[in-house]
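Welcome! Take a moment to look over the sequence and the 3D view, and then we can walk through them together.

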Amino acid sequence: MAEAVINGLSGLVIGFQMLAMDWRNAIMLIVGFVLLYLGIKKDCEPLLLVPIGFGCILVNIPLTDVMGEDGFIRVIYNAGIATELFPLLIFIGIGAMTDFGPVLAQPSTFLLGAAGQFGIFLTLLLALALGFEQLEAVSIGIIGACDGPTAIYVTSKFAPHLLGAVSVAAYSYMSLVPIIQPPIMRLLTTKKEREIVMKPVARPVSKTTKLLFPLVITILGGLIAPKGLPLLGTIMLGNLMKESGVVSRLTKASENEIANVTTLFLGLCIGATMVGSAFVRAETLIILCLGFIAICLDTVCGVCFGKLMRVATGGKFNPLIGAAGISAFPMAARVVQKEGSKWNKKSYLLMHAMGANAGGQIGSVVAAAVMLSVLAGMGIIP
Amino acid sequence: MDNVTFGITMLICGMGGTILTLWIMSLVMRFLGRLFPEKPEKKEA
């Protein structure tokens, strides 16, 4: 009987023994706490970092079965990440929340959204140079889209073993945009350029144009890059519902209940991929560094494109706006407004920057869609 | 396919394709904006 009691008690301490045996789990528990701290105390993307942090803690407690064959997070993972469903549901919500009016008022700002995607492809080259496999490099490069759902969609498709690192990099750097971008913007522009005052966007956009926008973009984007149609189609579906104004219940559900539930499950699943044995590797650190470089390169290319537009418009365009051509919406636009008004109190760049930022939102999805279609064209993916 | 060919192809086709797609989209949206301009609301009599 004594032996049975001892054996029974040993079942209660085996978790501690295993934790002591694999130090990587202990490190990941700390990482989980850091993510929770950033989310709760520092307000860095709390909607995602809190479930990610908690998922990370859950999966790194030794002998837990949450990601086992029948584990509850595995069930959610198989239902929503392995099937690529969750990022698409999030996209419907993003489409329902985003006002593309500013970019429609100035369609040329679509091009700033394109310039903000250079980081994806330059980082892909860097990842290849560092020895990553081709599809791994694609997944790492996509961090430069500065768009969490896109990064998750592409990575879960081509390099699911990198999902944790890529997602954490994408969401962390998105929340760090206000810290990462301003020094680069200052470095690349002169004081005179930063002080340029731009005329307000006066052109109103008709309801018909707003309604046709999601339909035209879906068809056009689908014809050019059919492999990425799920990404583009879902964001445009959300936007069509919003602009139509006739399905307010669906719009509200998409931007609230559906997006919230999906975000919770998505975060939990991402956190659960961060198991110590797979995450605590030099490769993860390299991915985090490459993600940082990707977002810096996006900003550099965006501002440089802004400088080109300044020349093309005879000095009427403030190149700071180029930095808003990334997908971190509306954070990047706010950074531009703040930076512009810092140098010239009369400068009000927000509406222009919102146009570029909305263009960046479309740009990141188009870049991913184009990337998938190019990969299919090359025969690398089916 | 070797990594250099793959990387350069992705850069040219991927980035080029993105710019081209967004440029076409901007042209179409500009056209639609002109085709369906915002009309001022009619004042009630």
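## Where the two chains meet

How many residues does the contact take from chain B and from chain A? It takes 27 residues from chain B and 34 residues from chain A, where two residues are in contact if their C-beta atoms, placed from the backbone, lie within 7 Å. On the side of chain B that touches chain A, the classes are 16 nonpolar, nine polar and two charged residues. Here Ala, Val, Leu, Ile, Met, Phe, Trp, Tyr, Cys and Pro count as nonpolar, Asp, Glu, Lys and Arg as charged, and the others, Gly among them, as polar.

Before going on, please note that this is a predicted model, in which local features need pLDDT of at least 70 and side-chain atom pairs count only at pLDDT 80 or more, while totals for chains, interfaces and linings use all residues. Residues are numbered from 1 along each chain as its sequence is written, and chains are lettered from A and ligands numbered from 1 in the order in which they are written.

## The chains as a whole

Chain A has 20 helices and zero strands, and chain B has one helix and zero strands. Both kinds of element are DSSP runs numbered from the N terminus: helices are H or I with at least four residues, and strands are E with at least two.

For the 382 residues of chain A, a compact globule would have a radius of gyration near 21 Å, and the value of 22 Å for chain A agrees with that. This radius is taken over C-alpha atoms, and the globule rule is 2.2 Å times the number of residues to the power 0.38. Along the principal axes, the C-alpha atoms of chain A fill a box of roughly 90 × 45 × 45 Å. In chain A, 55% of the residues count as buried, and in chain B 33% of the 45 residues do. A residue is buried if 20 or more other C-beta atoms lie within 10 Å of its own, exposed if 12 or fewer, and partly exposed in between, with C-beta atoms placed from the backbone.

Helix 9 (residues 134-141) of chain A packs with helix 10 (residues 148-158) of chain A at an angle of about 165 degrees, their axes 9 Å apart. Axes are lines fitted to C-alpha atoms, for helices over the stretch in contact, and angles run from 0 to 180 degrees between N-to-C directions. That makes helix 9 of chain A roughly antiparallel to helix 10 of chain A; angles under 35 degrees count as roughly parallel, over 145 as roughly antiparallel, 65 to 115 as roughly perpendicular and the rest as oblique. A:Leu135, A:Val138 and A:Ser139 of helix 9 meet A:Val154, A:Thr155 and A:Phe158 of helix 10.

Why is helix 9 of chain A largely enclosed by the rest of the structure? Because seven of its eight residues are buried. The buried residues of helix 9 pack against several helices of chain A, including helix 8 and helix 20, together with helix 1 (3-35) of chain B.

The axes of helix 12 (residues 177-188) and helix 18 (residues 282-312) of chain A come within 10 Å and cross at roughly 40 degrees. That makes helix 12 of chain A oblique to helix 18 of chain A. By class, their contact has nine nonpolar, two polar and no charged residues.

## An exposed residue

A:Ile30 lies in helix 2 (residues 23-40) of chain A. Because A:Ile30 has 12 C-beta neighbours inside 10 Å, A:Ile30 counts as exposed.
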